[in-house]
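Hi,

Here's the structure I promised to pass on. Have a look first, and my notes follow below.

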Amino acid sequence: MAALTLTAGLFAAGAPASARANDAAPTTKASDVSLAADTYDWKNVRIDGGGFVPGIVFNRSEKNLAYARTDIGGAYRWDQSGKRWTPLLDWVDWDHWGWSGVVSLASDSARPDNVYAAVGTYTNSWDPTNGAVLRSSDRGASWKASTLPFKLGGNMPGRGMGERLAVDPNKNSVLYLGAPSGKGLWRSTDSGVNWSKVTAFPNPGNYSQDPSDTSGYGNDNQGIVWVTFDERTGSAGSATRVIYVGVADKANTVYRSTDGGATWSRIAGQPTGYLAHKGVLDSSSGYLYLTLSDTGGPYDGGKGRIWRYATATGEWKDVSPVAEADTYYGFSGLSVDRQQPGTLMATAYSSWWPDTQIFRSTNSGATWTQAWDYSSYPNRTNRFTQDVSSVPWLTWGANPSPPETTPKLGWMTEALEIDPFDSNRMMYGTGATVYGTENLKNWDSGSQFKITPMVKGLEETAVNDLASPPSGAPLLSALGDIGGFRHTALDTVPGMMFTSPNLTSATSLDFAEASPNTVVRVGDADAAPHIGFSTDNGANWFQGSEPSGVTGGGTVAAAADGSGFVWSPVGAGVQHTTGYGSSWSASTGIPAGATVESDRKNPKKFYGYRGGIFYVSTDGGATFTTKASSGLPAEGNVRFKAVPGTEGDVWLAGGSATGVYGLWHSTDSGATFTKLPGVEQADSVGFGKAAAGASYQTLFVTAKIGGVRGIFRSTNAGASWTRINDDAHQWGWIGAAITGDPRVYGRVYVSTNGRGIMYGDSSGSGGTDPGTDPGNPPAGAACSVTYVVTNQWNDGFQADVTVTNTGTKALDGWQLGWTFPDGQRITQMWNAVSGQVGAKATAANVSWNGKVAVGASAGFGFTGTLSGSNGRPAAFTLGGAACTVG
C-alpha cells in the first residue's frame, strides 16, 4: 500500500468537554412534531469504577497531569485538586459510539496542553465506523478528529498492551500509531492531522487470540502494540532517531529504527516465544525493559518473562523475578521510576488466583521483591495494607479461604505507572477499578505501603436495566460484570452490589408497582441460580429456583401486586410462577426469547414481544395470545413498558435503520398500536412524575426526533417533545434503558454502555430532592435555621447549619432547601445528604438524625466552592414551609 495521506475529519472546538465531527453533524429535518430544548444538569449515579482500565499515562514534563483510558467508557484526565478523574469523551454521539473505546492515549511532554486518543471499539463488523485519532490542545476540553481508513479495537483482545500511540518527545509534530488487523505502522508529521502508512516497516504482526474464530473478534491480528522513543537520540525540534516498536509476533516482537523511522530492523538476540506487552526505556540507564506473555491478554496468559536490553551494548538479559517454570501468568504492567534510576515495577496481569502479583526491583532487575509472599502456605505476608472503604463493594461481599483475600490486589493488571515526579505515588488499573498508593517507598524501607481506590469520577459500568420505584430507594440497577446495586443515595458509592445470588451480569430487573418492596432480578452466572428475589426493596435477597435448561438471565417481570412473576430466560422458554418461584411452569402461546413486561395496574396481565408480534396474558402468564402484529419492528432492539397506574397503556420503542423504526403507543393492552409522527427513531422509553397540572406521566425516550439524536421528554403523551441533553452530553450508545423518577418531576436516569448511570435534573425544575428516601416531613413544618460560615479561603468555604423543630409535631425525616445567592457549589457534606441543581441546594437527613423531637435540633456541615462573594442564603424551607432564619 502506498503512503496514503488522510484528510482529517475536523471537529469545531466547542464548549468545554465537547466536540463535533463534520461527518457526524446532525441534519435538521422538517417535522410535524413540536420540539423544544431544556437545560439539564447531568451527573453520574456514583458507583466508582466497575470496569477494566487498561492504560494510565503520566505527562513527563508537568506534575500531576495524568490520563486514563478505558476499553468502552472513554478517556479521563486526573484532577489533582479533587483527587478525581474528569471524563473527556462524553460528547461522543450515537452514530460514533465506537469512539468511546480508547485503544491508546498520548500526552505531549513538549507541550502538555496537547493530548491525543486513538479511538474505536471493535475491528470487526460490530462497530459501524472506522477508528480515529482525536487531538486536543486544551487537555481534552475540546477535540478534533482524523478518521482512519481502518478500525481500532479498544475492546478487542490485546487491548491492555501498549501504548500504541506515541508523540515524539523531541519533535512533537511527529506521532506514531500501531494499527491492528495487519494495517501496520502509521505516522503523522503535522500533530495528528494527517496520517500515512510507514511502508518501510516490515512486520504488521501475525498473532491472534483464536485463529479458528470466524467472527473477526478472536481471529483479528493484534498488530503493532507499542511505540517507544529513545529521547536521548534527538534534540528539541529534531526528530528522535531511535524508535522501538512492539509487534504481536512471537518470533519477532521488537523492531528498531536508528534513522528517525526511515528504516527498520528486527533487533537480534531478542526473546522469542512471547509477545512484548510493554516496552519501556529508562533513559538514565539506557535499558529497554520488556514485559512478555505467551498470549495477548487481557484475560489469558499462562507463561511470562521480563527481559532487559542494553541499548549501549546490544546485550539482552532475562531479568524475570521468578523462574519460567514457576509462572502460570504473563507479565504486562511495567513502569520505571524517573526519580530513582534502576527502580522498576511490573505486574503478573493474568494471575487470577489467588491474586495478582506486583514486582519491584531497585537494581535494574537484578533482584526483585514482590507485593506478597507466602509465609507458610496458605498464609500470606503482605508488603501493603489495602483500604477500600471509599468503594466498599470492591470486597464483592466475599469470604474466601487463604491464600485468597478480599479485597484482592486485582486482576487484568495491565496498567501500572509510577508518577514521574513523585516516587511515592503509583497507580495501577484492574478489571474493576484504579488502585494507587502515595507512600510507595515504604516498600523499600520494610514497612507497609497503603493501597486505596483512586477511581473517583471514573464510572465505567455497562448498564442493562434501570428501575425507579415509587417508594424506597430511588434507583435499582442491573449492570454488566458487577451485577447491580440498590442506590439509596445517588451521590454516594453503594456499600455492596446485589448478592444471594451474585450474578456476574444482571440482565433485567423489576419491582411490583403496587408493592415496591417486592423486587426480582435475573442475570448471567457460571451456574444456577440465575434469579433472585427481595421483599425489602432490594436491600436483601434470596436465591430462587429455576426451570431446567436455563443458561442466562433474559428478561423478567413482576406482577403489579407482587403475586407472581414471568421470566423469559436464555436457554429455556417463557416461564411463570406464583409466589417466589419455588416451582415454574411453561407459558404457552409465546415464543422462547420473547421480552416480557408486566401491566402496572392489573396483576394478572403480562406482555411479551418478539419478531414484530406483541403478546398478552390475562392469567398471570400461563397463556399468551397474539395481539398487534402489523407495522411493528421485526428486527433491531425493541423495548417496551407499561405506564404505572393505568391498565393497558403501553409504549414500544425500537427498530432498525433497514426496517421500521420509531415509537408506538397502545391504550388497549397491545390490541392496536399507533406510531407517533415525527419520532424517526426510538430505542428506549420510560416514565416519571407528571408535570404540575399535567394528567399524564412524564415520558422519556432516547430517540431521533426532528432529525436530532438525543434524550427527550414529553409532558403531554408525546404531542410535543423537549430535548434535555446537549452535544456535550451524549455518551455514545444509550439505548438499553431509561426511566424517570416517580417522586421528582423532570429527573431521569439513563443507561450508558461504559460510562455508568447518568441522571439529569432540569435546571429550571427546582429539583430539590437529593436522591434519597428521607421520608415525608409534615407539610407546614415549623422550624428555625442557623447558618454559620466557619472557615473561608480563596475559592472555598466551610459552613455549619442547625435546624430546630419549632413546630408541634416531631419530624420523622426532614429535608432542608435553600438558594445560594452567589453561585456557591457544595463539594462535600457530612451528617446529611446533599443535592444541588443550579443555585438551589438541599440537605436531607441521614439514618441517625431523621427523628427530631419538638424543640430539638439536627445539625450538619459542608464545604463548598465560591467565586467572588459568599453571601448567606436569605431563606430556608422545610416540608414546603419557610423557616425562621437565625
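I call a residue buried when its relative accessible area is under 20%, exposed when over 50%, and partly exposed in between, using a 1.4 Å probe and protein chains only. Before the details: this is a predicted model, where local features need pLDDT of at least 70 and side-chain atom pairs count only at pLDDT 80 or more, while totals for chains, interfaces and linings use all residues. Numbering starts from 1 along each chain as its sequence is written, and side-chain values use heavy atoms, with hydrogens and water left out.

By that cut-off E163 is buried, because its relative accessible area is 15%. E163 sits in the loop between β10 (144–147) and β11 (165–167); strands here are DSSP runs of E with at least two residues, helices are runs of H or I with at least four, and both are numbered from the N terminus. The E163 side chain makes a polar contact of 3.0 Å with that of R69 and another of 2.7 Å with that of S104. (A polar contact is a pair of N or O atoms within 3.5 Å; within protein, one must be able to donate a hydrogen and the other to accept it, and residues adjacent in sequence count only if both atoms are side-chain atoms.) Beyond four places in sequence, E163 is in contact (heavy atoms within 4.5 Å) with residues including G55, V103 and W226.

Then there's T70, in the loop between β4 (66–69) and β5 (75–79). T70 is buried because its relative accessibility is 0%. A polar atom of its side chain lies 2.7 Å from the backbone nitrogen of G73, and one lies 2.8 Å from the backbone oxygen of G74.

Strands β61 (796–805) and β68 (857–865) run antiparallel, joined by 9 bridges; two strands pair if DSSP finds at least two bridges between them. β68 also pairs with β64 (825–830), again antiparallel, over 5 bridges, with I826 opposite G864.

Cheers
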